[in-house]
Amino acid sequence: MRILHTADIHLDASYARALLPPAAGARRRQGLRDVFQRILDRAAAWPADAVLIAGDLFDLRHVTRESVAILREGFEQLRPIPVFIAPGNRDPWTPDSPYTLEAWPANVFIFSEPGWTSHALAGLPLTVHGLAATGEDSAADSADGPFAGLEIPSDGRVHVALAHASAAELLPEGQRPWRRFELADIPAGLHYLALGHVHAPASGAAPDGAPAHYPGAPEQHDYAHPEPGHALEIEITQDGGDGPSAATVTPFPAAGAVFQQVSIDCSGHKTLAALERAVRKTANAADGRPRIARVRLEGACGASIRSELGGLHSRLASDFAWLDLEDATEPAEDFEDIARETTSLGLFVQRMNEQIADSASDAERARLGRVRDLGLAAYRVQELPLRGMEGALE
Amino acid sequence: MRIQRLSIDGYGRFSGLKLSCTPGLQILLGPNERGKSTLRAFIGDMLYGQRSERDPDRFDEGHALRTPWENPDCYGGAIAYALDDGRIFEIVRNFDPKRAAVQILEHRNGTADSADITGAFGLLRNSEPDVGLQHLGLAKEVFLNTATITHLTLEDLGDGEALDQIREKLVALMDTGGEDVSSETALRWLEARIQAIGRPDMPGGPLPRCETRLETLYAERETLLSLHAGLAELAGERKGLQEERAQCRQERLELENDLRLIDAHERAARLREAESLTQRIQTATQHCFALASVRDFPMEQLPRVQAAEKAVEAARLQLERSRAESAEVQSQCEAERERIGGDESLREEIPAELEKRLAETGGQAGRLRERLAEAEAAETEAEAQARDAQERTEALPDFSRVAPDPVEWISQLASSFKVAVKTRDEEQEECNVLRGEIAERESALAPYRALFSRIDDFPAAAREYELRKRMMAEHESQGAQARQALQSEYEELGEELPGFRTLGGLTAVLAGGLAGGFLYTQVAVLLIPCGMLGLGAAWFFSHYAFTRSRMRRLQRQMDQMSAERERAFAEGASAAAAIETMLSDAKCESVRELEARFDAYRDFSAELTARAQVLETQLQRAEESEQRVSRMFERFKETFARVGEHIADEDGVAEAAARAITRYQDYREAKRQMADARDALEKARQESGGLREKLEELAGNGREAEEELRALMRRNGFPEEAEETDAMAAMRAYRDRLAAAREQRGRLALLRERRLNLERQVKREELELEKHEQDLAHLLARAGVASIDQWNAMADQAREYRDVWGKRAALQEQLDSLLRDSTIAALREAVAANGELPPSPRPPRAELKERLDAISARIDALVGEEHALQVTAAERRAGARALCEVEEEIALLELRRDRLRAERDAAAQAMALIEEIARDKHARIAPRLAKKASERLRAITGGVYSEITVARDLSIGVRIPQTGRIAAHPGKVLSKGTVDQVYLALRLALVETLSESGERLPMLLDDPFANYDDERLIATMRIIREMAGQHQVLLFTCREDVARAAEAVEAPIVRL
């Protein structure tokens, strides 16, 4: 039995949190559609006996007709391979959801109940148990966990569960749980538990040894997730009847672009060209996939370089799928020496040094540092790029 | 700081140069390109180094410029200098990048005792030791810019902005140590930055644009959210429509089957009806054959025959009506002719010209009479006014003998007297102010006077006190060292003394023992050690005695030094007692502070003396003013009496002048009114005479016209004119009668014309009746009948034939319609083919059809609604961006907005702090700068320019001697040289002021006398010589006249 398992594609997701401009966001959304298409192509070519999508296929708030049409067409082309979808917290089964409103091909089965329902395939010894997020789940999240009420019969068929839920043992720190459960809650008799919601690949096992997997988001959505996930190719073999089964899990990478966040200390670079090379190096660092990079320039930096930082983005932008260049540099000045001067400039720097030393937080220190920076540049009539105007809105 | 010597191994053009500097003024004379600027740069580089201020691995650009010309490998030198506290340092540097090194030495006892203290200094960011910063308290740029004073390099020294430009240089020096950038420049920079970011109250700028765009995006996001909700509703509706449409299609299919069964039943019924129709058609055909004779009767002529018959009848009736009307009109004409009677002769109209003449003559005569009455009234009034004006003129003084323009004359007199009084009052007020100032200064000076009057020459006493104090300190230091050395030696000797004594005793005892042994044993060998021990004992005892003697001498020396020290202290104390007392009384901690007070006292005294002189002059001017006022008052009393005004005192002059002017104005007004009244009287008399003549002439013309009118009326047979005395009334009566006669004649003419027209109409109608009768006869003949009754009978038969034939055609048409392009045979076959039919459905066909139509319509409507929903959805989506794109743009713009606000706020905070610091600093330094600069300028210009003012914002003003006022923009008043001297005075004052709280800076003067004349050059040189007592001055010049001036003040000159 061959099953392709994916989740958390988030078609039509917004990249506002990653601070991508609309044009770059549109390119990324097209990238997500490409990822989805690659997964379906793989299912057809392998070929898979069934495709399982464990939620967050799209983002209900932003989903477009184009993406729904692409989904419908993709599933149609996949016929007769059955596709099972368990709606997640971002694409819940609601009256206004495309799941409800659209006419889906006959090979698509969408779970619509907040409790478990089962679907036994006619031509295959496969039964898929699934549940859906319906928009009322937070209230319906019972203390018994999402697996309460699921019983797996011993009927000689392969039983697979599909859910958008959070295994406490596999949930990354900081991520909000959704239908939280523990691996110990998984009922006996399952051959595979296909999960969604965790964007980084993760795996565990039920008490009876049945594997439980998060494939992760096949493509990253922001800088918070270090590595992209993938689709999973599951092959389940069974020694006849209710005999022992074995599931082999092979990842299928489908990601397009890579999100990357780096800080560069400018104090180590004597010229703008050297700094430019250092930034460009991050673009060519990995496997040749396009980079969406957030580069923060830090540290003390010479006046000649600082005055030119404003033009750096335009020179580097072509090396990245998107570049967010933040100037957080400081002037390469000895403020203590300047503060010893008896001039007004010396007094100004002295007063600012005192305020900075007395400040309670890093943010306040940075703010006062900028005040000192601007005052010094004003006394020296230096060019200083305007902060806030880095990069460009496409 | 005082530079003692410069030792240049290699630096620019110099190689192996050693230059000793005097602590005061020293002139470095040399032509251009002899290295004066190089020496200045050498001093800066030696004190601060040459490395870049921000990069320890690099040298600044001056490094390459100063590389030695002769031996580049030997690049460096040394500078030795003494600080104000007496410590002496030497900095040795090598600027060669490969062997760059710096060593700082402190010389304690001349150069003999030197300690390397390089490690005692911290490092600047450029890795140079901060010796310059520590010793001078200034960064390199600040030191060089502050200490270096050159002549003013303004493009136009004499322009109105010269003082502003000097101010900008001073402000820049104080704010940044540079010559170009000040706090004001920084504030402008920050203001420009804030403006570049944008403010809420100003359009433009990225921040307002960003905020505006965000507002738009928030609204767009709300719209998109509601759009999404609406689209979801539409999608739900569409899904419901699709389900309903499927149900309707099923229902329509069932209805169509029922209709097909009904069609079969109807087809059988139609066959039966077709066969019945065929039978009825055959019956009608046979009836038609019976009426075949009238088949061709011209029934189509029926309308024409009927019309012709009606036309004949109508023409006949019309002819009769016309004939009757013609007879009626004839009788009316006869009656009207009889009514006109005898007015036939009244036909002639009154000529318009005659009527106009009569009317004009009458109107003109009336107007002339009115004007005559007005002219006579004006004449009477003018006579009264002339008399009144004559009386008033005679009552006033005759101003025509006083002056050509009495108002101007009186005003000038009053004005000049007022100016004289005001001048006198101002002079007296000025005297009072001066007295007050002098009293105030006297009281302020009193404590100083009490303090400094105890000593005749305080500066000399203070210098002596300082000198004595320094000498005492040196003596004390030297004495302490000597005492310490003596004490150490004394103690060392004291420690040695017991040893010598013990060893001497021991050797003596041993020698005695051996001598005893020799005496006892007579062994000669014992004499040798005995002798040696004896010698040793002698040596020890002699050293003991010498040491004792030395210790006594040392003790005496120490006692003597103590006595000398006490004596010196006693002498010093008595000499310094006066100064110490003054310090105590004045509560000063140092002599320098006391000197500052003495300077202030001296300044106050000088100022007081100057004020007293000014007061004396002012008193003289006040006296002169008083005398001038008295003389003028006497003269004015006499003068005003001529115009009838008497003045009692000074205060009455202005009022008397005002009254005199008022009186003159009354006089002038009365004269003018009298002349006007005489002119008006003459004019009124002339006008009334002319009017009377014109009235006579018009009366003659009116009489002629009236006669002419009456003759015309009589001629036309209107005797009633004699009854009217007024010609115009007779004319109106004649006209009324003439109009009535004309109306009667018109009525008669109309009746005659109507009678003629009726006669012509009767003739036309007779001809028309004849024509209609002929047409009717012609139509009857064509139908083969003789009369109209016969024609009607034939027509009834033809009509019956046509009815039967028409019915047959209708039956045939009904049959064709029933068969519907088919035939009875084909219909018969179809019915036979259906065979036995089931019963027809219960709802009738119409109902089924109606339901089918309704269902079809519903399906169409559902398709239409679905299409409309699709169109609505498409329309709503059209032009709308994706929500995620809007959210992405919002996120980016919010970040940009926040960063720009932070940038703007940071700039505003920097502005506020810079402004506060600069304001405080400038305000604090301004009065000291003004005082010192005024002293310098006074001395340079020999008292011509005595005061420079420096406001809190460091705005500079100079008291101009010609006006005695402070001018901030003197324009061309100050010569180029004076502006240059103002600048030098301020720069010297700045160096002095900045040195007050720290090390006294040496001054590097670089040919500052470009625009000086000889007298001021000498004066300036004296000042510099005087200042050199406090500050070391190195004066670089290429001019021999400067060298001569320096020689005049006995300043040493070094020729480069």
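User: In which loop does Pro47(A) lie?
Analyst: This is a predicted model. A cis peptide bond joins Trp46(A) to Pro47(A), with omega at about -10 degrees. Pro47(A) sits in chain A, in the loop between α1 (22-45) and β2 (50-53).

User: Which residue does a cis peptide bond join to Arg79(A)?
Analyst: Look at the loop between α2 (65-78) and β3 (83-85) of chain A, where Pro80(A) lies. Omega is about 10 degrees for the cis bond there. Most peptide bonds are trans. The residue joined to Arg79(A) is Pro80(A).

User: What is the phi of Asp12(A)?
Analyst: Asp12(A) is placed in the loop between β1 (2-6) and α1 of chain A. Most residues other than glycine have a negative phi. Asp12(A) is not glycine, yet its phi is positive, near 65 degrees.

User: How many residues apart are Arg315(A) and Glu276(A)?
Analyst: Their side chains meet in a salt bridge, 3.2 Å from N to O. Arg315(A) belongs to helix α7 (residues 312-316) of chain A, and Glu276(A) to helix α5 (residues 272-283) of chain A. The pair links distant parts of the chain, with a separation of 39 residues.

User: How many salt bridges does the structure hold over all chains?
Analyst: The bridge between Arg315(A) and Glu276(A) is 3.2 Å, N to O. Across the interface of chain B and chain A, the rule finds six. Over all chains, the count is 73.

User: Which residue of chain A meets Glu903(B) in a salt bridge?
Analyst: Take the side-chain pair at 2.5 Å, N to O. That value is within the 4 Å cut-off for a salt bridge. The partner of Glu903(B) is Arg370(A).

User: Which element gives the largest share of the side of chain B that touches chain A?
Analyst: Chain B and chain A have 19 residue pairs in polar contact, both residues at pLDDT 80 or more. The elements giving two or more residues to this side of chain B are α3 (131-136), α5 (162-175), α6 (183-197), α7 (206-290) and α19 (883-940). The largest share is 25 residues, and it comes from α19(B).

User: What is the area buried between chain B and chain A?
Analyst: Start with the contacts: 60 residues of chain B touch 58 residues of chain A. The size of an interface is often given as the accessible area lost when the parts come together. Carbon and sulfur atoms give 59% of the buried area here. The total is about 5,000 Å².

User: Is α20(B) roughly parallel or roughly antiparallel to α21(B)?
Analyst: The axes of α20 (residues 976-995) and α21 (residues 1014-1027) of chain B come within 13 Å. They cross at roughly 0 degrees. Angles under 35 degrees count as parallel here, so α20(B) and α21(B) are roughly parallel.

User: Which residues of α21(B) make the contact with α20(B)?
Analyst: By class, this contact has three nonpolar, three polar and two charged residues. From α20(B) come Thr978(B), Gln981(B), Leu984(B), Leu988(B) and Glu992(B). From α21(B) come Arg1016(B), Thr1020(B) and Met1027(B).

Conventions: Residues numbered from 1 in each chain as written. Chains lettered and ligands numbered in written order. Predicted model: local features only at pLDDT ≥ 70, side-chain atom pairs only at ≥ 80, totals over all residues. Heavy atoms only, no water. Contact = heavy atoms within 4.5 Å. Buried area = accessible area lost by both parts, 1.4 Å probe. Polar contact = N/O pair within 3.5 Å; in protein donor to acceptor, adjacent residues only side chain to side chain. Helix = DSSP H or I, 4+ residues; strand = E, 2+ residues; numbered from the N terminus. Axes fitted to C-alpha atoms, helices over the stretch in contact; angles between N-to-C directions. Parallel < 35°, antiparallel > 145°, perpendicular 65-115°, else oblique. Nonpolar A, V, L, I, M, F, W, Y, C, P; charged D, E, K, R; others polar.
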